[in-house]
Amino acid sequence: MDTANQWRALSDEIARCNRCRLCEGRRNVVVGRGSLAAGAMLVGEGPGEQEDIQGLPFVGRAGKLLDLALEGLMYGPDDFYIANIVKCRPPGNRAPLDDEAEACLPFLRRQFMLIKPAVLVCMGATAAKHIIGKERTITKLRGEWMERKGWLIMPTFHPAALLRDESKKALMWHDLKKAKQRLDSVRAGADPGLRAGAEPGFRAGAEPGLRAGAEPGLRAGVEPGLRAGDSPQKR
Ligand code: SF4
């Protein structure tokens, strides 16, 4: 199957998915947005209200901050793809439970393996926990490159955190800038990157029913001085 058909099949499968309880309250599944040939993949936690309504990730207040940051850092439309740990909205914008995340991670693995980004940015503690397997606070993890099975991964804040605490903006901006510089450097051939082609270091194992290894199935920075908005809407 060619890549376009693999994407179509994956999107259809996600749209019909009822593997976890989150399917019960959703209006739309939220698969992702951005370039399918992106060099950077950004992963958040899960859809919020606006995302659930529109069927797209990061389209609420936090998403607007993220878009401003990406634009300000010269991420072009072909440079990034944005997705979440879970594809359906958790009730009340709570964090996904472990069993919900584990049910959904095979979809993210498949997205990751179709895109094969040069860098992966985990936005927020939930993404870091499920992708890197670290439960340390995001404040301690952020901004540092990590390598998992040959993939370059950087944790940073979720953009929603910036709505609650403006002091995080400069830090997230710094992290996203670092990710863009690394991406540019890999693309220019100055940095070989690490892509080993193996499954990235997602914490969850292979989906039951999928052959392990055959189908690996994954919040951001804002320029200091950008208006953060006010109420802490999730995404
Ligand atoms: S969150 Fe993921 S696993 Fe759960 S129902 Fe939605 S698509 Fe399926």
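Read along the sequence, the chain runs α-β-β-α-α-β-α-β-α-α-β-β-α-α. That is eight helices and six strands, where helices (H or I, at least four residues) and strands (E, at least two) are DSSP runs numbered from the N terminus. What you see is a predicted model, in which local features need pLDDT of at least 70, side-chain atom pairs count only at pLDDT 80 or more, and totals for chains, interfaces and linings use all residues. Residues are numbered from 1 along each chain as its sequence is written.

Now the sheet. The six strands form an open sheet in the order S1-S3-S2-S4-S6-S5, with mixed pairing. Strand S1 (33–34) and strand S5 (146–148) are at the edges with a single partner strand each, so one side of each has no neighbour in the sheet. Pairing here requires that DSSP finds at least two bridges between two strands. S2 and S4 pair in the parallel sense over four bridges; leucine 42, for one, has valine 121 in S4 as its bridge partner.

Next, burial. A residue is buried if 20 or more other C-beta atoms lie within 10 Å of its own, exposed if 12 or fewer, and partly exposed in between, with C-beta atoms placed from the backbone. Of the 235 residues in the chain, 48% are buried.

Helix H8 covers residues 169–187. Its 19 residues should span 27 Å at 1.5 Å a residue, and the end C-alpha atoms are 27 Å apart, which agrees; the expected span is 1.5 Å times one less than the number of residues. Buried residues in H8 include Trp173, Leu176 and Leu183. The buried residues of H8 pack against strand S2 (40–44), helix H3 (61–72), strand S4 (119–123), strand S6 (151–156) and helix H7 (159–164), contact being C-beta atoms, placed from the backbone, within 7 Å. Just after H8, glycine 189 has a positive phi of about 85 degrees.

Helix H4 is mostly covered, with 14 of its 18 residues buried. H4 has a kink of about 35 degrees at cysteine 104, shortly before proline 106; the bend is the angle between axes fitted to the seven residues ending at a residue and the seven starting there.

H4 (residues 98–115) also gives the shell around the ligand its largest share, three residues. Which residues come nearest to the ligand? Of the 14 around it, they are Cys17, Cys20, Cys23, Cys88 and Cys104. Near means that the C-beta atom, placed from the backbone, lies within 6 Å.

Technical notes
Two residues are in contact if their C-beta atoms, placed from the backbone, lie within 7 Å.
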